[in-house]
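User: I'd like to learn how to read a few features of a protein model. Can we start with the surface and work inward?

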Amino acid sequence: MLPFVARSSSRSEINHFASVPSSLLPAFGTNFDEGYLNLRKYVIAPYNRRYRLWQTFLVALVVYSAWASPFELAFRELSIGSLVPVDIIVDGFFAIDIILTFFVAYLDRSTYLLVDDHKKIAIRYIKMLHFPMDLASTLPFDQIYQILTGKRHGPEIFGFLNMLRLWRLRHVSELFSRLEKDIRIRYTATRFCKLICVTLFAVHFAGCMYFWLAFHHKTPENTWLHKELPDFKYRSVWLCYIYSMYWSITTLTTVGYGDLYAVNTEEKVYSSLFMLFNIGLTAYIIGNMTNLAVHNTVRTFAMRDAFNRVLRYASKSRLPKRLKEQMLAHKELKLKMEESQQQEVLQDLPKAIRSSIAQHLFSNVVDKAYLFKGVSDECIIQLASDMKAEYYLPKVDIILQNEMPIYFYILVYGSLDLFIHKNGSEQLLFELEPGGMAGEIGGMFNIPQPFTVRTRRLSQVIRINQHQFKQMMQPFNNDGRQIINNFIKYLREQRGSVLEEIPYLSELLGDLYLEHITQNGDSHDEVSRYHDDGPCKEGRTINSNPWSSPASTRIIIHGHHPNEKKMGKGDTKKLILLPSSIEELFRVAEKKFSKRASKILMADGSEVEEINVLRDHDELYIF
């Protein structure tokens, strides 16, 4: 088990997982002891929620330290003692953090296990650079000097020692690193906030240092601030601070009004270095802002480029306007689906999770479809797991008449029209409402699709692969019989005009039933009863599993010599399921044409002697 995975899931634990650093993820194949989750007493896990809150609280104190340290150095002579109580309190909190660090477990990079041994934790922390720097940035040097010497004002060096508090900025850097990986917070907002913080600190630090140069120059009249404030050493601290920030901002933004400028050599060197730093900082800020802007517009450029490719292809191929509009509409819908990233999200998930999601989304829809009424819950769950949702814009053809069946569809919402093409025109048969199915007739009979299916308005369908469906149904014997019964019942309820458009309907239904009988090893008497009654008789149901073996070969038989058709005589043909032997084929032909036959010829006149040489949709002449 992973060290951060609890034994039972809860909403708080799932939300907390978003802040877990990737360094705590073990390598694939790494084993953990069951007792590893229980750390020793008085040891804090680095991902502990309360410890995270403590670190976030310290960041607020770091913001104060980042502002106070340069400010106290620059305006030390003007503001002695005003911030001392706050500094002592802040240092006290960071001293507590040093103590807590001796009790925080760490990740061993060689084993990827959390080390909770107190001695190892202490030795590791003391040997690292963090401990001496944390200690140096926390010690109140001014107060220690006052206690040891009794003097109120310490040397200038203590002001620079207080600048060690800027070491605490690493807490801010770690916080932003966590926030950028936290999926609960927008990355753009986090990045933008980080850039603002960097800019504000640069402005504040540069302004304070520039005032420090002027204040400690040996001739105050020869400084950048003397021209505007001749007695600046005796003026308000905040007034001097405002002038310093004004110079820093105008220099950082490369405006440079010329009212405040470097006068002595030290100021000119400092200003030159600051302007060089500004070049890098400006490039960093502009680069990051550009990346954020491009990230939000890259899909727009991709959409326009995709549309241009479609238009160029349509113009080059001289496609009609209707097809071109359908291509553009489909491309737009596809790009919008990519923006929602539904497929990308599902593809990255394990199959078990994908199946659970599909069951949650599609089980109710599948259960209401006519073909699956009365089917077991196990079968419905299995079917829903392999379904895929698709969107179609209005006036888009989902299925074309006479195309080979690959998928059949269940309409979730929207509306579908079923057409047939007759004499060069389209004839509307009926409209499918939500819950209806399309394409299942071609799939069940394994024949070209008899209808064209077109969307009337924006529609969502779930797609089922015909081959996968038949393989999936093989273990479900009773459910397979129920599906066939539902299918035959549905066909009986259709209007005559619809059934007339399905070629060889009676033969297809009969062969479907015969296929079920022969594939399950039923007796010859049962086959004979099939030819006498047929499955379309009222009350006849399927008593075998229709998915127990691959689909058999269908052939067309004629009851005359192949040359008789050319002589103008009547031609009666039947579509049947290929039997397992020549003798059985003769018996089927005798039932169909009411006459005994002794010879089987192909259309070219060649005689058939073996049944296994025949292929799907071969035409045989039996006489």
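Analyst: Start with the surface total. This predicted model exposes about 34,900 Å². Carbon and sulfur atoms supply 57% of that area.

User: What share of the residues count as buried?

Analyst: Of the 623 residues, 42% count as buried. The secondary structure comprises 22 helices and 14 strands. For contacts with a separation of 6 or more, 70% join residues 24 or more positions apart.

User: How do I read the sides of a helix?

Analyst: Use the helical repeat. An α-helix has 3.6 residues a turn, so residues three or four places apart point the same way. Now take helix H4, residues 118–127. Ile121, Ala122 and Tyr125 are buried there. They sit on the same side of H4, because they cover an arc of only 95° around the axis.

User: Which exposed residues does the face of H4 turned away from its buried side carry?

Analyst: Lys119 and Lys127.

User: What covers the buried residues of H4?

Analyst: The cover includes helices H3 (84–101) and H5 (130–138), along with strands S1 (106–108) and S2 (113–115).

User: Which residue caps the N-terminal end of H4?

Analyst: Asp117 does. One of its side-chain oxygens lies 3.1 Å from the backbone nitrogen of Lys119.

User: Now a loop. Is Ser415 buried or exposed?

Analyst: Compare its relative accessibility with the cut-off: buried means under 20%. Ser415 has 0% relative accessibility, so Ser415 counts as buried. Its loop runs between strand S5 (407–413) and strand S6 (416–422). Beyond neighbours within four places in sequence, Ser415 contacts Glu431, Leu432, Arg454, Thr455, Arg456, Arg457 and Ser459.

Technical notes. Residues numbered from 1 in each chain as written. Predicted model: local features only at pLDDT ≥ 70, side-chain atom pairs only at ≥ 80, totals over all residues. Heavy atoms only, no water. Helix = DSSP H or I, 4+ residues; strand = E, 2+ residues; numbered from the N terminus. Buried < 20%, exposed > 50% of the residue type's maximum accessible area, 1.4 Å probe, protein only. Contact = heavy atoms within 4.5 Å. Areas by Shrake-Rupley, 256 points an atom, 1.4 Å probe, with all protein chains shown as cover. Arc of directions from axis to C-beta. Polar contact = N/O pair within 3.5 Å; in protein donor to acceptor, adjacent residues only side chain to side chain.
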